Amino acid sequence: MSVLEAVRGVLEDTLRLGGRAKNLEQSTPLFGSLPELDSPAVVTIITTIEEDFGIVIDDDEITAETFETVGSLCRFIEQKIGS
């Protein structure tokens with residue numbers, strides 16, 4: 001499974017997107033275009049990503065740029081796992 005597919009799964013499950021996650025592309029904006037994505041959801045997404053990918057994400061690593069697009073979130077994860 002690719003990082004993109006895994007991120008789609010995390011977003012689908014966490015935000016309960018009703019199948020809309022399959023349409024998310026690298027360029028899809030996150031903040032502002034997914035009303036379900038609020039501060040509590042970000043915390044849940046981070047926790048799920050840490051568990052699913054076996055990584056630790058420090059608070060100071062979480063920026064608006066990380067969650068700007070699906071692709072920016074994927075790139076962040078890829079850097080953390082060393083891909």
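Here are a few exercises on the structure above, each with a worked solution.

This is a predicted model, so local features are taken at pLDDT of at least 70 and side-chain atom pairs at pLDDT 80 or more, while totals for chains, interfaces and linings use all residues. Residues count from 1 along each chain as its sequence is written, and side-chain values rest on heavy atoms, with hydrogens and water left out.

**Exercise 1. Describe how helix 1 and helix 3 cross, and which residues make the contact.**

Step 1: Helices here are DSSP runs of H or I with at least four residues, strands are runs of E with at least two, and both are numbered from the N terminus. Helix 1 covers 3-15, and helix 3 covers residues 70-81.

Step 2: Two packed helices are described by the angle between their axes and the distance between the axes. The axes are lines fitted to C-alpha atoms, for helices over the stretch in contact, with angles running from 0 to 180 degrees between N-to-C directions.

Step 3: read off the geometry. The two axes come within 10 Å and cross at roughly 115°.

Step 4: list who touches whom, with contact meaning heavy atoms within 4.5 Å. Helix 1 brings V3, L4, V7 and L11, and helix 3 answers with V70, L73, C74, I77, E78 and I81.

Step 5: sort by class. You get 9 nonpolar, no polar and 1 charged residues. For that sorting, Ala, Val, Leu, Ile, Met, Phe, Trp, Tyr, Cys and Pro are nonpolar, Asp, Glu, Lys and Arg are charged, and the others, Gly among them, are polar.

**Exercise 2. Find the salt bridges and say where their partners sit.**

Step 1: Side chains of opposite charge can pair when their charged atoms come close. Here that takes a side-chain nitrogen of Lys or Arg within 4 Å of a carboxyl oxygen of Asp or Glu. The structure holds 3 such bridges.

Step 2: take R8 and E25, paired at 3.8 Å, N to O. R8 sits in helix 1 and E25 in the loop between helix 1 and helix 2, 17 residues apart. R8 counts as buried because its relative accessibility is 19%, whereas E25, at 43%, is partly exposed. The cut-offs are under 20% relative accessible area for buried, over 50% for exposed and partly exposed in between (1.4 Å probe, protein chains only).

Step 3: move on to R20 and E36, whose closest N and O atoms are 2.2 Å apart. Both lie in the loop between helix 1 and helix 2, so the pair ties together parts 16 residues apart in sequence. R20 is partly exposed at 37%, and E36 is partly exposed at 26%.

Step 4: finish with E61 and K80, at 3.0 Å, N to O. E61 belongs to the loop between helix 2 and helix 3, K80 to helix 3, and 19 residues separate them. E61 is partly exposed at 23%, as is K80 at 28%.

**Exercise 3. Work out how the rings of F31 and F67 are arranged.**

Step 1: count. A search of the whole structure turns up 1 aromatic pair.

Step 2: classify. The ring centres of F31 and F67 are 6.1 Å apart and the planes stand at 50°, so the pair is tilted. Rings of Phe, Tyr and Trp (its six-membered ring) pair if their centres lie within 6.5 Å; planes under 30 degrees apart are stacked, over 60 edge-to-face, and the rest tilted.

Step 3: F31 is in the loop between helix 1 and helix 2, F67 in the loop between helix 2 and helix 3, 36 residues apart. F31 is partly exposed at 41%, but F67 is buried at 2%.

**Exercise 4. Trace the neighbours of Q26 and T69.**

Step 1: locate them. Q26 is in the loop between helix 1 and helix 2, and T69 in the loop between helix 2 and helix 3.

Step 2: check accessibility. Q26 is partly exposed at 35%, while T69 is buried at 16%.

Step 3: list contacts, skipping residues up to four places away in sequence. Q26 touches L4, T69, V70, G71, C74 and R75. T69 touches Q26, S27, T28, P29, L30 and R75.
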